[in-house]
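Colleague: I would like to learn how to read a structure like this one. Could you take me through its features one at a time?

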Amino acid sequence: MSIVISIFVPAIFLIQFLLKEMAGEEQQDYVLFLRAKGLPKSVIYVKHIIRNIFPLVLIHLRTIIWFLLSNIIVVEYLFNIHGFAEVLRSIYGQRAETFILGFL
């Protein structure tokens, strides 16, 4: 259950990003040209649009990973689960300053 909650915000961010980029890519001249040539939508999406969007997704992957890591800590705190945050606390001891500096 905690995995589903942790993934919720990054998944929405990724879906929103993909939809925005696909809508922007569909308005490009080369896509309009391919449609005028009569290529099927599946070929246009797979061979051209997704291929051009993939590098942008890799760039935003760092943001998505940060969302996941921050969500894990929040979910563990809310549901009182001893997991990732507890391991970090045991490594850095009980001092809050060291714990915060470790995250930074």
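Modeller: Keep in mind that this is a predicted model.

Colleague: What cut-off makes a residue buried?

Modeller: Buried means under 20% relative accessible area, and exposed means over 50%. Lysine 20 has a relative accessible area of 53%, so lysine 20 is exposed.

Colleague: Which residue forms a salt bridge with glutamate 21?

Modeller: The general idea is that side chains of opposite charge can pair when their charged atoms come close. In this structure, the partner of glutamate 21 is lysine 20, and their closest N and O atoms are 3.7 Å apart. The count for the model is one salt bridge.

Colleague: What secondary structure does the chain have?

Modeller: There are five helices and zero strands. Read from the N terminus, the order is α-α-α-α-α.

Colleague: Where does H3 bend?

Modeller: H3 bends at isoleucine 50, by about 40°. H1 also has a bend of about 40°, at phenylalanine 8, and proline 10 follows within four residues. After H3 comes asparagine 80, with a positive phi near 55°.

Colleague: Which residues of H1 are buried?

Modeller: An α-helix has 3.6 residues a turn, so residues three or four places apart point the same way. In H1 the buried residues are Ser6, Pro10, Phe17, Glu21, Glu25 and Glu26. These buried residues pack against H2 and H3.

Colleague: Take serine 6 as an example. What does serine 6 touch?

Modeller: Serine 6 lies in helix H1 and has 7% relative accessibility, so it counts as buried under the 20% cut-off. Leaving out residues up to four places away in sequence, serine 6 touches Leu68, Asn71, Ile72 and Val75. Asn71 and Val75 are themselves among the buried residues of H3.

Colleague: Which residues make up the largest nonpolar core?

Modeller: There are seven: Phe17, Val31, Leu34, Ile44, Ile49, Ile53 and Val57. Helix H2 (29-37) and helix H3 (41-79) are the elements that give two or more residues to this core. H3 gives the most, with four residues.

Colleague: What is isoleucine 49 in contact with?

Modeller: Apart from neighbours within four places in sequence, isoleucine 49 is in contact with Met22, Glu25, Glu26, Tyr30, Val31 and Ile44. Of these, Val31 and Ile44 also belong to the largest nonpolar core.

Colleague: How do I read the chain as a whole?

Modeller: Begin with burial: of the 104 residues, 18% count as buried. Then take the surface, where the chain exposes about 8000 Å² and carbon and sulfur atoms supply 70% of it. Last, look at separation in sequence. Among contacts between residues at least 6 apart, 53% join residues at least 24 apart.

Methods
Residues numbered from 1 in each chain as written. Predicted model: local features only at pLDDT ≥ 70, side-chain atom pairs only at ≥ 80, totals over all residues. Heavy atoms only, no water. Core = buried A, V, L, I, M, F, W, Y, C linked by side-chain atoms within 4.5 Å. Buried < 20%, exposed > 50% of the residue type's maximum accessible area, 1.4 Å probe, protein only. Contact = heavy atoms within 4.5 Å. Bend = angle between axes of the 7 residues up to and from the residue. Salt bridge = Lys/Arg side-chain N within 4 Å of Asp/Glu carboxyl O. Areas by Shrake-Rupley, 256 points an atom, 1.4 Å probe, with all protein chains shown as cover.
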